[in-house]
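Please take a look at the protein below. A short briefing on selected local features comes after it.

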Amino acid sequence: MNRRPLLSFTVCWVAGSAAGCLFSGRSLLFCLAGLLLLPVVWAVSGGIRWRTAGVLVTALIVAALYWEYSEVRNVSLLPKVLGQPVSELNEAYITAAGVIASPVERDGDRVDFVVKLSGIRLHQGELAAAAGTEGEVQAEVNPGDTAKTGAERALERSAEGERVTVQIKLQEESEIAEAALWQRGDRVVIEGELIQPQIARNFGGFDYRAYLLTQKIHWLLKGTGTASVTVNPQVSWEPSTILRWNDKARSALGAEMSRLFQEPHAGYMKGLVIGIQKELDPETFRQFSQLGLTHILAISGMHVAVYVGVILVLLRRCRLTRETALTVTLLLVPVYVLLSGAGPSVIRAGIMSMIALQAARLGMLKDGLNILAASALMMLVWNPYLLLSVSFQLSFLVTAGLMVYTPLAAPLFRRLPGWLGSSLSVTIIAQLVSFPLTIYYFNQFSLLSVAANLLLVSFITFLVLPLGTLALLLGRIWNTAALLLAQLAEILNNITFAAVEWVNGFTAGVLIWASPSFLWICLYYGLLYGLLLALKRRTEARLVPQFMDDETRPLAELDLPGNPINTTNQPDLLSTAKSGRAALAFQAYPPTGATRWSNPAAILCAVGLTILLYKGYNAEAIRDGSGSISFLDIGQGDSSLITTPGGTHILVDGGGTVSFGNREEWRIRRSPFEVGAKTLLPLLKQRGIHRLDAVILTHGDQDHAGGLQAVLEGMPVSALLFNGTLADTEPYTKLMTTALDAGVRLYPVQQGMSLAPDEATRLNFLWPEPREAGQILPEEVEDQNHESVVFRLEMNGRSFLFTGDMDQAAEEAILHSANQSGIRQGRPIDALKVAHHGSKTATSADWLAFWMPGAAVISAGVNNMYGHPNGGVLDRLADANTEIYRTDQQGEIQLRVGKGGINVRHKLN
């Protein structure tokens with residue numbers, strides 16, 4: 001570290017920022033105290049000078065304070081400006097004025113952009129944030145007026161600098177052309193609903209509010225139609241004009257790509273060449289993501305390196321001097337960074353390239369780790385929240401890992417040809433280094449990822465990328481050649497897509513991992529470094545000859561290095577040297593102790609790494625004899641996850657996004673929100689569930705069955721239990737077809753059946769009623785609610801009743817069947833999953849009196865249009881002294897079922 005002070009300083013800066021991010025108050029002080037001890041201990045041991053230790057301590061303290069300072073400033077101004085608490089502002093109707101501060105993007109019938117506010121007011125009572133009248137707010141905007149409009153002046157109250165994300169829902173197809181005219185830098189006045197971003201409603205779920213907070217955005221502003229937006233185009237030069245020009249250039253390049261390439265190639269090539277990923281086919285992205293190839297689709301260091309190398313070669317061919325070529329290339333790097341979207345990874349690569357080019361000009365700093373450290377420090381000082389960016393973390397970590405680990409791994413591939421050994425070592429190290437973050441954020445890893453990267457990265461980088469870039473450059477100069485190149489690139493793309501799809505067909509190679517802890521990640525990198533270092537030393541020790549091939553006698557009588565050489569051997573040494581046959585180096589002996597410690601160290605690190613990976617892969621296993629039931633918050637729908645004490649995973653329903661009627665084609669979004677793909681499947685993977693032993697589909701309605709499509713496509717499922725009927729809908733038919741194609745066993749269940757996953761767990765099915773004798777094929781039933789699967793779960797001596805969307809008629813039938821069997825009172829249950837989201841059509845007083853539930857869980861969406869749960873149902877539950885839990889108010893509700901009792905926790909207070 002004494003040779004790399006900048007690296008040491010940056011590491012301490014990152015550590016201080018991380019401490020400020022993870023802790024606060026007294027916990028932060030304790031964490032900083034522990035971190036500050038490390039440089040002091042290092043200095044006491046003589047590893048570094050006291051002055052260096054002081055600099056490192058300063059870096060830790062300043063970074064933590066800088067993070068805290070950023071957090072204090074990263075708050076919304078609107079509650080203070082409008083004089084209303086956050087709870088009152090949420091869903092308030094407002095008028096806001098400001099400047100568009102991002103590219104304007106349209107997906108289907110929604111337009112998104114960010115606005116930097118200059119003024120705002122509430123639409124209630126008197127003006128809370130500005131003087132003016134409603135007529136002034138609606139004043140016409142003069143496009144040629146460079147000053148602020150009357151509407152803006154009416155809102156002139158200091159919301160200056162507040163950034164909000166705007167979402168405009170288009171009402172007519174004709175509005176698309178109008179929205180296409182909006183650009184960064186335009187002054188706008190928007191009327192709409194102010195919405196607070198959604199927080200994570202499930203344990204381990206995506207927190208949209210926290211994500212926007214890293215971009216210093218605290219509110220969403222939702223408008224209806226282009227009529228809710230009044231635009232005054234920018235007419236004078238401002239600092240944002242450069243970004244405005246850049247947006248136009250990217251848009252023009254994207255349009256040219258669309259002209260040259262057919263879909264899905266156009267969206268793929270836009271992401272590959274110019275970093276526009278919004279039009280990438282979702283299925284293509286999923287296929288690439290499963291193989292760990294998404295880095296190809298994002299502009300990164302690979303693209304910048306190719307760009308810089310091509311420019312340098314061209315400039316040198318033009319006979320420019322070395323210094324001039326380096327200077328011109330350095331000035332062109334920011335242009336490429338902007339044109340490619342300026343994401344964290346390309347900014348990192350751009351800064352590193354510029355530093356390296358300047359260092360080459362001056363013949364100064366050439367150490368890669370110092371250049372990397374300088375880039376990271378500059379970016380974190382500019383925006384400390386980049387530390388939380390997945391792209392930032394992966395970019396810097398993989399780059400640093402390649403610099404540190406590749407030299408250790410290189411000797412292991414010495415027997416291979418140089419180009420193959422180099423490619424293989426870089427690919428394997430990149431995969432090993434990115435592995436912890438990959439499973440932390442994406443919860444899956446393909447064992448075939450190394451082979452896919454080795455074969456496809458070079459193929460795409462050196463064939464497809466140059467062809468696409470050259471076609472783009474020639475598009476307006478030599479159209480015929482550009483189209484030919486585009487067709488050739490499409491042929492290569494088809495080969496790539498086919499290869500990716502074929503490799504993904506080996507589903508057994510895709511492993512699902514729970515998100516590991518920070519300690520697990522640190523141990524992984526430490527053990528990996530120790531293993532590679534030990535193997536490198538062991539390899540190098542074997543490569544060093546014990547004595548020269550042409551010696552007439554072994555040199556065993558030579559003393560070890562550092563001791564005087566026995567004079568009796570010197571004539572032989574001199575004669576050998578004089579004969580010219582060899583020049584003996586005194587390093588002929590391997591380093592002292594190298595072979596002695598390398599083998600045990602390698603074995604120890606390998607064993608430790610194996611145990612660590614095993615523990616990480618099986619992290620979700622419950623080992624204390626307890627089971628769990630998770631009532632997931634998936635909006636207006638049902639989904640519950642049962643994990644038995646024996647480790648069996650049973651998913652009951654999967655929620656689903658309900659659509660009403662056929663949507664017009666122009667409204668359809670490229671990647672619409674779907675509960676199964678965006679919420680349910682990521683939650684199952686995040687918890688490290690490798691396989692679902694059973695899926696129970698209570699009935700075929702979309703809000704219960706829709707999300708299971710993504711589950712069947714993204715995770716192994718052993719069995720599907722359903723009510724024995726069919727629903728006449730396309731999604732239900734597709735679901736059953738997918739299950740059959742995947743080899744999932746189908747079991748129609750009925751009253752009287754039972755399932756025992758392990759000794760502590762039993763499921764007794766109470767409904768639907770038995771089918772008629774001789775009925776083999778399932779019949780089509782329109783009213784699926786009445787046919788809902790109802791079962792009683794017994795786990796560790798506790799009872800739980802799952803009811804799907806059963807109606808009151810099904811309840812009465814079950815009660816009647818019990819009365820006929822002489823059962824007047826059911827054994828009390830600990831928790832009831834209330835039927836049909838708390839609808840008034842079920843959960844009668846007689847039903848509650850029969851089961852006497854101690855607690856009830858209602859799965860309903862926030863502010864759902866059906867008014868669930870019904871007030872009468874809530875009153876009946878209260879009269880039965882039943883404790884009520886609701887996903888719309890408390891988010892996910894988890895029951896930990898042990899032999900000693902039930903522990904309840906929920907995500908939201």
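The points below cover a sheet, a helix pair and some backbone details.

This is a predicted model, in which local features need pLDDT of at least 70, side-chain atom pairs count only at pLDDT 80 or more, and totals for chains, interfaces and linings use all residues. Residues are numbered from 1 along each chain as its sequence is written, and side-chain values use heavy atoms, with hydrogens and water left out. Helices (H or I, at least four residues) and strands (E, at least two) are DSSP runs, numbered from the N terminus.

**The sheet**

- An open sheet of 7 strands runs in the order β17-β18-β20-β21-β22-β23-β24, with mixed pairing; two strands pair if DSSP finds at least two bridges between them.
- β17 (754-758) and β24 (883-886) stand at the edges with a single partner strand each, so one side of each has no neighbour in the sheet.
- From one strand to the next, the twist averages 20°.
- β18 (residues 761-767) pairs with β20 (residues 790-795) in the antiparallel sense, over 6 bridges.
- Asn-764 stands opposite Arg-792 in β20.

**The helix pair**

- The axes of α15 (residues 344-362) and α16 (residues 368-382) come within 9 Å and cross at roughly 125°; axes are lines fitted to C-alpha atoms, for helices over the stretch in contact, and angles run from 0 to 180 degrees between N-to-C directions.
- That makes α15 oblique to α16 (under 35 degrees is roughly parallel, over 145 roughly antiparallel, 65 to 115 roughly perpendicular, the rest oblique).
- The contact (heavy atoms within 4.5 Å) includes Ile-347 and Ile-351 of α15 and Ile-371 and Leu-372 of α16.

**Cis peptide bonds and a buried histidine**

- Glu-263 and Pro-264 are joined by a cis peptide bond, with omega about 5°.
- Pro-264 sits in the loop between α10 (241-260) and α11.
- His-265 lies in helix α11 (residues 265-274).
- His-265 counts as buried at 6% relative accessibility (buried is under 20% relative accessible area, exposed over 50%, partly exposed in between, with a 1.4 Å probe and protein chains only).
- Beyond its neighbours within four places in sequence, His-265 contacts Glu-490, Asn-493, Asn-494 and Phe-497.
- Another cis peptide bond joins Trp-767 and Pro-768, with omega about 10°.
- Pro-768 lies in the loop between β18 and β19 (779-780).

**Positive phi**

- Arg-319 is not a glycine, yet has a positive phi of about 65°.
- Arg-319 lies in the loop between α13 (301-317) and α14 (322-339), and is exposed at 76% relative accessible area.
- Asp-653, also not a glycine, has a positive phi of about 65°.
- Asp-653 is in the loop between β12 (649-652) and α24 (675-686), and counts as buried at 2% relative accessibility.
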